[in-house]
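Open the model in your viewer and keep the selection tool ready. We will go from the whole chain to single residues.

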Amino acid sequence: QQIISENKAVLGSLVSGVAHEINTPIGIAVTGASLISDESKNMQKLFNENQLLKSDMNEYLKLCQESSELILSNMRKAADLVSSFKQVSVDQSVEEKRLFNVRSYIDELLVSLKSKFRGTSHRVTVNCDPQLQIESYPGAFSQILTNFILNSLLHGFEGVENGIITIDFYQSENEYI
C-alpha cells in the first residue's frame, strides 16, 4: 500500500511538471497560429480590395514560413514531452518486468522532471553506455531515480548554486552498478 501511495505521489509530481512544461510550447504554437490567422485575414481583405502588393505578399509568405517553423518546432517539443511522460507514467502504474534501454529511459525520465530544475542552475549528467539494456522493473527504476533526483534538489543543494547530480550506470562482469 505504501509503494502504491509513493507511486501516486511521484506520478502526481510528474503530471504537474509535464503539464507546466507542455504549456510553453503549446502557448508559442497558439501565438504563431493566431498570427498567421490574423495576417491571412488582412491579406484576404487587401486582395478583395485589389490593394495587394507584391511586397505585401512577400512579407506575408516570410511571416508564414517563420511562424510555421516555430509552430512545428514547438509542437514537436510538446509531442516529445507527452511521449516521454506516457512511457514513464505507464511504467509507474504497471509493475511488469521488461527489457529496456537504460540511457534512453533515464533521458525520458529527465525530460519529465525538467520543470523541477526551472529557476535553478542545477543540472544532471548521465554516464551510461547508450546500448546498455537491462531486464527489470522500469516503474521501480523510475521511482528510485526520481526520488534520488528530487531529494537531491530539495535537500542536497542547500546553499549550493550550481549543483550537479551525476548518474553513473554501467555493467561490470554481469552486474549493473
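**The whole chain**

Take contacts (heavy atoms within 4.5 Å) between residues at least 6 apart in sequence: in the protein chain, 81% of them join residues at least 24 apart. This is a predicted model, where local features need pLDDT of at least 70 and side-chain atom pairs count only at pLDDT 80 or more, while totals for chains, interfaces and linings use all residues. Residues are numbered from 1 along each chain as its sequence is written, and side-chain values use heavy atoms, leaving out hydrogens and water.

Colour by secondary structure. The protein chain has 4 helices and 6 strands. Both are DSSP runs numbered from the N terminus: helices are H or I with at least four residues, strands are E with at least two. From the N terminus, the order is α-α-β-α-β-β-α-β-β-β. Of the 177 residues, 33% are buried. Buried means under 20% relative accessible area, exposed over 50%, and partly exposed in between, with a 1.4 Å probe and protein chains only.

**Stop 1**

Select Asn 50, in the loop between helix 1 and helix 2. Is Asn 50 buried or exposed? Asn 50 is exposed, with a relative accessible area of 74%. Now check its phi: the value is near 55°, positive in a residue other than glycine. Most residues other than glycine have a negative phi.

**Stop 2: strand 1**

Move to Asn 101, in strand 1 (residues 98-101). Asn 101 is buried, at 17% relative accessible area. Show its side chain. One of its polar atoms lies 3.1 Å from the backbone nitrogen of Arg 103. Leaving aside residues up to four places away in sequence, Asn 101 touches Pro 130, Gln 131, Leu 132 and Gln 133.

**Stop 3: helix 4**

Select residues 138-156, the 19 residues of helix 4. How far apart are its end C-alpha atoms? They are 25 Å apart, which agrees with the 27 Å that helix 4 should span at 1.5 Å a residue. The expected span is 1.5 Å times one less than the number of residues. Buried residues in helix 4 include Phe 141, Leu 145, Ile 149 and Leu 153. An α-helix has 3.6 residues a turn, so residues three or four places apart point the same way.

Methods: A polar contact is a pair of N or O atoms within 3.5 Å; within protein, one must be able to donate a hydrogen and the other to accept it, and residues adjacent in sequence count only if both atoms are side-chain atoms.
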